[in-house]
Amino acid sequence: MTVASATSNPYELAAESAAEVTRWAGAPPHDVAIVLGSGWQGVADGLGTAEAERATADLPGFAAPTVAGHHGQLRSLRVGDHRVLLLIGRTHLYEGRSPAEVVHPVRTAVIAGARVVVLTNAAGGLDPAMRPGQAVLIRDHLNLMGASPLGGPAPPAGYRGRFVDLTDLYPARLRALAKQVDPTLTEGVYAALGGPHYETPAEVAMLRRAGADLVGMSTAFEAIAAHHLGASVLGISLVTNLAAGVSPTPLDHEEVLAAGAAAAPYLVELLSGVLSAL
Ligand code: 8IG
């Protein structure tokens, strides 16, 4: 269920929920938003004590999550000089949601003031050298979702047009900050597929030949939408499994959540370090 609104325009709807977030959290605005994907939920408490917290269910445009490990919650916290909006749980295309619904939380955060958006996810590793529990910085993506979050009605007056350049979608400056925190971090190309099934071994072989290092079912739309609104994006994948045909065993969602829980202390250090370097 989604809370009713007078508008069906996705930008106006995001502006409405941003106004509600601003009213709720007060000034100054959040300057950083962090989306915690599956496997990353355990990180929320480690980042600091929430000044305020609410379910997304009563905010305009937020879809109710349907996936185990995705809660649908906003938290507002201070980390050093930053006001951070944590978006806990996310909406995926495979839940039957539209691209606009998938990016609504990120649009809300950027319109509410976020200049940096950190997108986290759990992903399959395509490189046999990758290890479950390893974090990888997203250097670029292949959007194989067959859609764009900028499709649909043209952005209203005051927004950038929809033919957006994506050359610098995941800016090197933000990746460099993360590497200052952990010099052993590597980078990779994230292939976004619709899911919810995992890939066939033939698809995994294709993705490797196409230059992908990671595969998952999120993030690409949100990165595009955040960049379109002028925010800078840092993408971090937690490799929780090796992809089909690379992994010796079948894939399963519990494995994702377990790998996330085990990596949580490291991921807290990493995100806290990035926030203090920002
Ligand atoms: I975690 O192997 C996780 N998410 N598409 N493929 C896709 N998504 C994933 C995978 C994977 N692992």
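Which residues does Val117 touch, not counting residues up to four places away in sequence? The views below, taken from a predicted model, start with that one.

**View 1. The surroundings of Val117.** Val117 touches Ala33, Val106, Val110, Ala226, Ala231, Ser232, Val233 and Leu234, leaving aside residues up to four places away in sequence. Together with Leu214, Val117 has the most contacts inside the largest nonpolar core, which has 52 residues. Helix H5 (residues 220–228) gives the most to this core, contributing six residues. A second, separate core of 31 residues includes Trp40, Leu47, Leu267 and Leu271.

**View 2. Where helices H1 and H2 cross.** Here the axes of H1 (residues 10–25) and H2 (residues 99–111) come within 8 Å and cross at roughly 50°, so H1 is oblique to H2. The crossing is right-handed. On the H1 side, look for Pro10, Tyr11, Leu13, Ala14, Ala15, Ser17, Ala18 and Val21; H2 brings Ala100, His104, Arg107, Thr108 and Ile111 to the contact. Sorted by class, the contact has nine nonpolar, three polar and one charged residues.

**View 3. Two cis peptide bonds.** Most peptide bonds are trans, but here is a cis bond joining Ala27 and Pro28, with omega about -10°. Pro28 sits in the loop between H1 and strand S1 (32–36). The peptide bond from Gly195 to Pro196 is cis too, with omega near 0°; Pro196 belongs to the loop between strand S7 (186–192) and helix H4 (201–209).

**View 4. Thr219 and its positive phi.** Though not a glycine, Thr219 has a positive phi of about 75°. You will find Thr219 in the loop between strand S8 (214–216) and H5. Its relative accessible area is 0%, so Thr219 counts as buried.

Conventions: Residues numbered from 1 in each chain as written. Predicted model: local features only at pLDDT ≥ 70, side-chain atom pairs only at ≥ 80, totals over all residues. Heavy atoms only, no water. Axes fitted to C-alpha atoms, helices over the stretch in contact; angles between N-to-C directions. Helix = DSSP H or I, 4+ residues; strand = E, 2+ residues; numbered from the N terminus. Parallel < 35°, antiparallel > 145°, perpendicular 65-115°, else oblique. Left-handed = near helix turned anticlockwise from the far one by under 90°. Contact = heavy atoms within 4.5 Å. Nonpolar A, V, L, I, M, F, W, Y, C, P; charged D, E, K, R; others polar. Core = buried A, V, L, I, M, F, W, Y, C linked by side-chain atoms within 4.5 Å. Buried < 20%, exposed > 50% of the residue type's maximum accessible area, 1.4 Å probe, protein only.
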